[in-house]
2 protein chains.
Amino acid sequence: MSLKNDRFLKALAREKVDVTPVWMMRQAGRYLPEYRAIRKQAGDFLSLCQNPELACEVTLQPLRRYAFDAAILFSDILTIPDAMGQGLYFAEGEGPKFRKVIRSAADVESLPDVNIADELSYVTDAVALIRKELNGSVPLIGFSGSPWTLATYMIEGGGSKDFRLAKQFLYDHPEAMHLLLDKLARAVTDYLNAQIRAGAQAVQIFDTWGGILSSAAYREFSLDYMSKIIGGLITENEGRKVPAIVFTKNGGQWLQAIAGSACQAIGLDWTTDIGRARSHVGERVALQGNMDPTLLYAGADAIRREVAAILKSFGAGPGHVFNLGHGITPEVDPEHVAVFVEAVHELSSQYHT
Amino acid sequence: MSLKNDRFLKALAREKVDVTPVWMMRQAGRYLPEYRAIRKQAGDFLSLCQNPELACEVTLQPLRRYAFDAAILFSDILTIPDAMGQGLYFAEGEGPKFRKVIRSAADVESLPDVNIADELSYVTDAVALIRKELNGSVPLIGFSGSPWTLATYMIEGGGSKDFRLAKQFLYDHPEAMHLLLDKLARAVTDYLNAQIRAGAQAVQIFDTWGGILSSAAYREFSLDYMSKIIGGLITENEGRKVPAIVFTKNGGQWLQAIAGSACQAIGLDWTTDIGRARSHVGERVALQGNMDPTLLYAGADAIRREVAAILKSFGAGPGHVFNLGHGITPEVDPEHVAVFVEAVHELSSQYHT
């Protein structure tokens, strides 16, 4: 099936486009009243993720309102540890939690391999259904959490302020940590390949917590495992390249190293100057980002000014996918998202003549 | 009075030392049982800050246990907004809060100038007393929060997860934000100069929240005001240079710009490779840091390994003050701090032959 809008895939391949493509991390989310309605219907968050029809519906919702150039699978980053039997749940008003936690080498050794086809068919079913419903309008992005990010939740038993337990485990039991990360990397590889086979046309690895590590520990415990995953991914499907995007929040100091992972694009948070990033790694990878999501609380003038500044910083030519520097937050006014998306398309055309 | 141990000041001046000097952010703090006893005696945290005798006592406590090469004034970063009438208080188990908040240009305009001698004499009295009690053993560091960091607390009314209100104010009312930052920069300059006159032999500006800004906003709303402050500081006192250290948490991407502020040293958090930082700015400034404070939860072997790795990354020669990459946390075992300090002195001598 031909793709009606392939700007996103072209930009990732650093090919010429008419305007800069744009999507938003968490674009299917709580800032949309229609999302909140479906979420209520589903019951809890996890039931929504596990219901392919409803996951498909919320994936498509933002595309009905805004001219986004890509859809992203609605799911959670913690589906793999859940499929390993860790017992993921969401306490209302709190973040994700696990009933079982990893606290010893023995805990790591007893973790089962995941059979993606059996355990995570609800995800691949959603991917297939979304592709069908998208009907070639825009490409679909699949995703997973990075091994290190998954490991932090599995060890801490949920989110954390200082990741004390995960880091203590890393520093006092590096071999057990490597075993855990290796198991996770193999599962993530299988998982992303299953999403690609089901129809995902690009994949993003969310390394939400890589940026809390020291520079050396980031390479050894996060980036190396993302590189391993990328080395194992299906690179072409349906006659098209399947690009991989690595997003390490707070990873702006390590762009050269990340570009060495063989990813096609690097996601940038808003603390990185995208022009400077381009001058460092723009010959090797495309760049995705990077407006501060908090700008969406400001007025239309401020949003347009910031979009213009980021486009100008990146400069002329291909290789830029516009995005926020992190996920959109629930309290944003949906009207502000319209201003954002329109500004990207309108103000970027001058850079693509 | 001659200084018995001047390693810290020599390292900041990038002069030859015998071993790398070391101190810890929040070295006078809750991880020490003797601190908790004095804190209990004082009542609340603010009463402890405002009592020069008790502030002096807790400043000296860590120096009785460990061979630190500098003392740092015990105080809070938010004394200036408090002196401006914002009503600082600490709710038990929560962070700092303000009774009054800044939400409009009018709020900014009505902020009074601070008369440091009147309003913050408890701080300068503590500085003078600590200097007397130190009796030349090690130098004393004075400090303040950065204007941007103070502004975030004044606008949010306390700490924040996403600094939504502070950023909204910045983006929608940039002129009012500049007026606020200018008022704060003038007050901080007066405040640090008063600390220097009272006996502080070096000063550090804690820019705890500069790293949550975009690269461009950091320069305009945080770094520029720190540069202004440094330009107004007393540069020599008692026949010695008075160095200024800028610590922007998450500022590792902006070291070249920070070095341009005319500071003598840059504080690094643990995400920055100190060897790489040295190769970028080591000819212009000294570097302070940068072990992950979470390492202090790990065992002695892991602590020594990490100290060795940081010393090796910095390499031979002067210009390094060892520190953590952020403040020590309350749950750390004081024995681990002893391992840390000893490791720095013992393992660094090879780099200073």
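Predicted model: local features only at pLDDT ≥ 70, side-chain atom pairs only at ≥ 80, totals over all residues.
Tutor: Some ground rules to start: local features need pLDDT of at least 70 and side-chain atom pairs count only at pLDDT 80 or more, while totals for chains, interfaces and linings use all residues. Residues are numbered from 1 along each chain as its sequence is written, and chains are lettered from A in the order in which they are written.

Student: What makes A:Leu140 buried or exposed?

Tutor: A residue is buried if 20 or more other C-beta atoms lie within 10 Å of its own, exposed if 12 or fewer, and partly exposed in between, with C-beta atoms placed from the backbone. A:Leu140 has 23 C-beta neighbours inside 10 Å, so it counts as buried. You will find A:Leu140 in strand β4 (residues 140-145) of chain A; strands here are DSSP runs of E with at least two residues, and helices are runs of H or I with at least four, numbered from the N terminus.

Student: What does B:Val19 touch, leaving out residues up to four places away in sequence?

Tutor: B:His345, B:Ser348, B:Ser349 and B:His352. Contact means that the C-beta atoms of two residues, placed from the backbone, lie within 7 Å.

Student: Which residues of the largest nonpolar core touch the most other members?

Tutor: Among its 241 residues, they are A:Leu73, A:Ile141, B:Leu73, B:Ile141 and B:Ile266. Such a core is a set of buried Ala, Val, Leu, Ile, Met, Phe, Trp, Tyr and Cys residues joined through C-beta atoms within 7 Å. B:Ile266 has contacts beyond four places in sequence that include B:Val246, B:Leu255 and B:Val281.

Student: How do you know what kind of axis relates chain A to chain B?

Tutor: A rotation of 180° with 0.0 Å of shift along its axis superposes chain A on chain B, with an RMSD of 0.0 Å. That is the relation of a two-fold axis. The superposition is by least squares on the C-alpha atoms of residues with pLDDT of at least 70 in both copies. A:Gln253 is the residue of chain A that comes closest to the axis, at 2.9 Å (C-alpha).

Student: How many residues meet where the chains touch?

Tutor: 27 residues of chain A are in contact with 27 residues of chain B. On the chain A side, α10(A) gives the largest share, five residues.

Student: What makes the backbone at A:Phe163 worth a look?

Tutor: Phi of A:Phe163 is near 55°, a positive value in a residue other than glycine. Most residues other than glycine have a negative phi, and most peptide bonds are trans. With 20 other C-beta atoms within 10 Å, A:Phe163 is buried. In chain B, B:Asn250 has a positive phi of about 65° although it is not a glycine.

Student: Which peptide bonds are cis?

Tutor: One joins A:Gly289 to A:Asn290, with omega near -5°. Another joins B:Gly289 and B:Asn290, with omega about 0°.
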